[in-house]
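I opened this entry to keep track of what I looked up in the model. My notes follow in the order I took them.

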Amino acid sequence: MGTPSAGQIHRLGRDQLASWVDALLGERKRVFAPVLRRGLRVLRAVERAQDVDFAPGRTRWSPKEFLFPRTETLFSYENRDGVPVLADPPADDVPRILFGVQPCDAAGLVRLDSILLQDPFYARRRELTTVVAIACSEAAPECFCTAVGGSPAGQEGVDVLLAPLETGWVVRALSPKGEALLAPRRGGWETAAAGDWEAALEQAGRVAGSIGRRELPAAWAEKLEQSFADPIWDELARRCVGCSICAYVCPSCSCFDVADEGSDACGSRCRTWDSCSFRLFTQHGSGHNPRATQPARSRQRVLHKFAFYPLQHGGRAMCVGCGRCIRSCPVGMDIHAEVVEVMSGRPEKEAGDVQR
Amino acid sequence: MTEPTLQARTETAAPTWKPQIAAIVCNWCTYAGADMAGTTRREYPASVRLLRVPCSGRVNPLFILKAFEQGADGVLVSGCHPGDCHYVQGNYFARRRFAAFRSLLNFLGLDPRRVHFSWISASEGIKWARVVGDVTRAVTEAGPLTDWGRASSPAQVTLPEPPAPRPQPAAAELEAVTGHVRELAASLLREGKVSFVLGWAPGPSPGQTIPAFIQRPEDAATLVFDTHSHADLAAFLAGPRKVSGKVAVLVKACDARAATTLLAEGQLVREDVVLVGVSCPGMWRDDRLAYRCHSCDGEVGALCDFTVSAAGVQPGALPTGAKRATGPDPRDLQNAHLESLPAAQRWAFWQEQFADCVRCYACRAVCPMCYCGSCISEQHRPQWVPTSIDGRGNTAWNLVRAYHLSGRCVGCDECERVCPANIRLDLINRRLALELEQRFDYHAGTDPEGAPPLATFRPDDPQEFIY
């Protein structure tokens, strides 16, 4: 084994991965990793590696909440004898690591960046965050990353990629942030054997092959936009009950509401997740609602992801195919199937363009 | 309630700590009684802040919730003695609401020393002084309320699971029911008796079914009935999700109770809907029988126009003969365990559950009883439920939801099934349903003409909890 250098691929035993997590915690970094809690697999700040669940599979919520929290205070105010006093929320500059997220989740953060990086709160947390993803070793029935340009070993938005081998892991830095995270460890880690990385990719290829859902080409965006007035949307979304699970489990949904909470004595301005599936989201003060029906609201979510956003942001869909919205929807709304269904009904479709 | 003193919550019980108690009092009796206490120089602790309302019947229990949320350590609600209401009946209605809300708070584990109710007339200045003294003592013993919206320590509760899983029903039986459902749906559509049939069809995930709106007779073949036909389709009969036109809707026993309650609440015109009862062998969640199905015999009740069983389609609401063996309700066993724990531990348990709530409102969206065009959680003036997805906002939402369903919930447990955070809403609903059954002999979903328990009263309703 020569002197370890940047760019080198390493091979880790099972225990080594856990001790790496413990070492990161020892360096006072905050580590968000999958844990099992109350029957839920969720990402949470962990205190020790033994709590981490390294098994494959998605977490109930995406990692976006660690960059774009469910609720956050933008500023607080206090009435001091008639003088309003404003205060910024306390600064939190602890470096953090999203450890063991799926590649689709990492790609979701890149989509979020295009919307939220202009926000100083988000941008600061993003700067402090390093993403360590684990390549998927199995696909759930709702997964469709390959349909939107992703992969079970996708590298978009990933700083360090871990891929499972039969007896451990291969680990590779994919960005300067990833390099910085691995640099202090390289001395103690074994260099991967020739073919380890390829074996891991091959495994990911098999997982990709097991995803049965067809591709949703970026070129569909314009035609989808033209489907806006198509009555098919009423039919597709008739069963949508108007909760916001889809938006809240989504790794790339970025909408929020801002509300002042408190009294004339003290309080705060809060930013909270919001969803286009809610009636109130577009309700005007006048009483008019441009998205008056639930199907219209449901259509908004699909078209925003697959038409409006790609047409404005360089062609890529604002969906990474994680399948969470399909899995958690109370009435089984399937965004992938909806897009396919709408396109199969478009008269302008090219021959052979759409097949289930 | 906006005074800085009330907002500035005392975090630790300093020796100088004095409780903040919100007293919500009726203008015609207790308010005057408090005045009487003052004019007669009667001494009592200066710990209460009076909020005057025109009648105890005006007291929405959410006032109590709001008081705690904004920093009160205790709440006293006081009105006129039964029979003395200035508006004849206000305090009778109030008494029922307080019973339900108090039971909810107790079940969630809020220290019972913090919530008090009394009847104090305008001439009872002495009683006012005594009650305020008693309430102040109780709240002082309970100490500062520091865990509203959060668990002060890990709850560490493991709920008991029901014994051995039951065998799944025979596939052939379910297939026979499915076949008859399809035939009936096709014929209703073909004969133009309905414009839609609402049933269940396979969903995108394995073993999942989803609500299906069948419009053409040939599409009836996509309908299925199996042990995962969970959705309570009565949710599409009223409110913002209401399907227009005449519909036939497939109902299991629990869904039929929901339709019955909608009728009782005037949300459904009986002639607009064809109710098709389906003989139900119980629904499965993962590899276990759904909790609600343990104590249910699967019979669809007296309301249906058709009853479908493996034997065929029968017109009318007939017993299907497919009676299942029933056993104790696991939800009751789990609730009994929860109620055997100290209140503080129960509070921590529920706060941990609520902490995971993301306010997606899926519980509301699938509930057949949540038919309001505009939910109180969407109202901003005043804002009853903070929009923030945090302990305070989540506690408010979950209390509001549970209370609004008390005496109305039919126990279909859809809210619990769809909750992405696995919050045990079914346990809360069940506990409140039993409370109202025991107190007012009201069984939600059994009588399409019965008045909902909180919309009526009896002059001799129990009031053991009122000073």
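**Entry 1: the sheet in chain B.** I started with an open sheet of six strands in chain B, ordered β6-β5-β7-β8-β11-β12 and with mixed pairing. This is a predicted model, and I read every entry with that in mind. Next I asked which strands stand at the edges. They are β6 (209-214) and β12 (312-315) of chain B. Each has a single partner strand, so one side of each is left without a neighbour in the sheet. I also noted the twist, which averages 30 degrees from one strand to the next.

**Entry 2: one strand pair.** I picked β5 (residues 196-202) of chain B and its pairing with β6(B). How many bridges join them? I found six, and the two strands run antiparallel.

Entry 3: Helix α6 (residues 171-190) of chain B lies across β5, β6, β7 (247-251), β8 (273-278), β11 (306-309) and β12 of chain B. Its direction is at about 150 degrees to β11(B).

**Entry 4: a helix pair.** I checked α2 (residues 30-39) against α5 (residues 125-142), both of chain B. They pack at an angle of about 95 degrees, and their axes are 7 Å apart. That angle makes α2(B) roughly perpendicular to α5(B). From α2(B) I listed B:Thr30, B:Gly33, B:Ala34, B:Met36 and B:Ala37. They meet B:Gly125, B:Lys127, B:Trp128 and B:Ala129 in α5(B). Sorted by class, this contact has five nonpolar, three polar and one charged residues.

**Entry 5: the nonpolar core.** I looked up the largest nonpolar core and got 242 residues. Those with the most contacts inside it are A:Phe306, B:Val75, B:Val249, B:Val251 and B:Val276. Which helix gives the largest share of this core? It is α4 (residues 90-108) of chain B, with 11 residues. I followed up A:Phe306, setting aside its neighbours within four places in sequence. Its contacts are A:Leu216, A:Trp220, A:Ala221, A:Leu224, A:Ala317, A:Cys319 and A:Val339.

**Entry 6: where the chains touch.** Last, I turned to the contact between chains A and B. It takes 36 residues from chain A and 30 residues from chain B. On the chain A side, the elements giving two or more residues are α8 (245-249), β11 (256-262), β12 (266-273) and α10 (324-328). The largest share of that side, four residues, comes from β12(A). I noted its classes too: 17 nonpolar, eight polar and 11 charged.

Methods: Residues are numbered from 1 along each chain as its sequence is written. Chains are lettered from A and ligands numbered from 1 in the order in which they are written. This is a predicted model: local features need pLDDT of at least 70, side-chain atom pairs count only at pLDDT 80 or more; totals for chains, interfaces and linings use all residues. Two residues are in contact if their C-beta atoms, placed from the backbone, lie within 7 Å. Ala, Val, Leu, Ile, Met, Phe, Trp, Tyr, Cys and Pro count as nonpolar, Asp, Glu, Lys and Arg as charged, and the others, Gly among them, as polar. Axes are lines fitted to C-alpha atoms, for helices over the stretch in contact, and angles run from 0 to 180 degrees between N-to-C directions. Angles under 35 degrees count as roughly parallel, over 145 as roughly antiparallel, 65 to 115 as roughly perpendicular and the rest as oblique. Two strands pair if DSSP finds at least two bridges between them. A nonpolar core is a set of buried Ala, Val, Leu, Ile, Met, Phe, Trp, Tyr and Cys residues joined through C-beta atoms within 7 Å. A residue is buried if 20 or more other C-beta atoms lie within 10 Å of its own, exposed if 12 or fewer, and partly exposed in between; C-beta atoms are placed from the backbone.
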